[in-house]
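Let's take a walk through this structure together, starting with its charged pairs and ending with its rings. Please keep the 3D view open as you read.

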Amino acid sequence: MLASTEAILIEVLFSLGALIALGGLIALVWTKRHRRPFRPAMTVIICGVGIVVIASLLNVLLFKTYAGVRVKKNQYYEITSLTTNMHASLAGSQAPHQPVSPQAKKASRNVTYLVDHTGQSKRSQRLAAAAQRQLTQHTTPDIHLVKHNYRLILDQYFATVTHSTKAQTHLRTHAYRHATQGPLKK
């Protein structure tokens, strides 16, 4: 199930709980006016608030936001790990005629591993392997090819995360910028 579908279900649950609690408050006002016992109305309010709390906990436990878009927690950690390793693999090889450092080679192997083990397509796996070959086997790697491969990998990954093209574009742009530019902020 996509994160957006699960998010919609949790929002519906939250709304239902809020509606039940509101109905309980209305019933409480009615019972006070008609001098009836408060216990049934209070029970309805407590049930509604309980559903709201459960929905809020589910939201906190299942989702994180990446670039302002709600994604599942495991996808969030995959995205951050992938972009961090992409950044590390490119960090030492941005200058012309600069040999690739052992850390950059290790990071490129990590990118290939992550692409293989996160259920991405065969095309993404081939792109990651080609980028790894450029960074590990060539003395002067073609950085433009590596960046292009990384962009295509991110494009294909975010196509599986959400159906919204606007969200895909936003996620893709943010992740690519994080992977290819400037030092990482701690």
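Predicted model: local features only at pLDDT ≥ 70, side-chain atom pairs only at ≥ 80, totals over all residues.

Residues are numbered from 1 along each chain as its sequence is written, and side-chain values use heavy atoms, with hydrogens and water left out.

Let's begin with the charges. The structure holds three salt bridges, each defined as a side-chain nitrogen of Lys or Arg within 4 Å of a carboxyl oxygen of Asp or Glu. In one of them, glutamate 6 pairs with lysine 72, with 3.5 Å between the closest N and O atoms. This pair links distant parts of the chain, 66 residues apart: glutamate 6 belongs to helix H1 (residues 3-33) and lysine 72 to strand E2 (residues 69-72). Helices (H or I, at least four residues) and strands (E, at least two) are DSSP runs, numbered from the N terminus. Glutamate 6 and lysine 72 are both buried; buried means under 20% relative accessible area, exposed over 50% and partly exposed in between (1.4 Å probe, protein chains only).

Glutamate 11 and arginine 70 form another salt bridge, at 2.6 Å from N to O. Here too helix H1 is linked to strand E2, by residues 59 apart. Glutamate 11 has 41% relative accessibility, so it counts as partly exposed, and arginine 70, at 30%, is partly exposed as well.

Now follow helix H3 (residues 73-91). Among the buried residues of H3 are Tyr76, Ile79, Leu82 and Leu90.

Tyr76 brings us to the rings. The count comes to three aromatic pairs, where rings of Phe, Tyr and Trp (its six-membered ring) pair if their centres lie within 6.5 Å, with planes under 30 degrees apart stacked, over 60 edge-to-face and the rest tilted. Tyrosine 76 and tyrosine 77 have ring centres 5.3 Å apart and planes at 75°, so this pair is edge-to-face. Ring pairs join Tyr66, Tyr76 and Tyr77 into a cluster.
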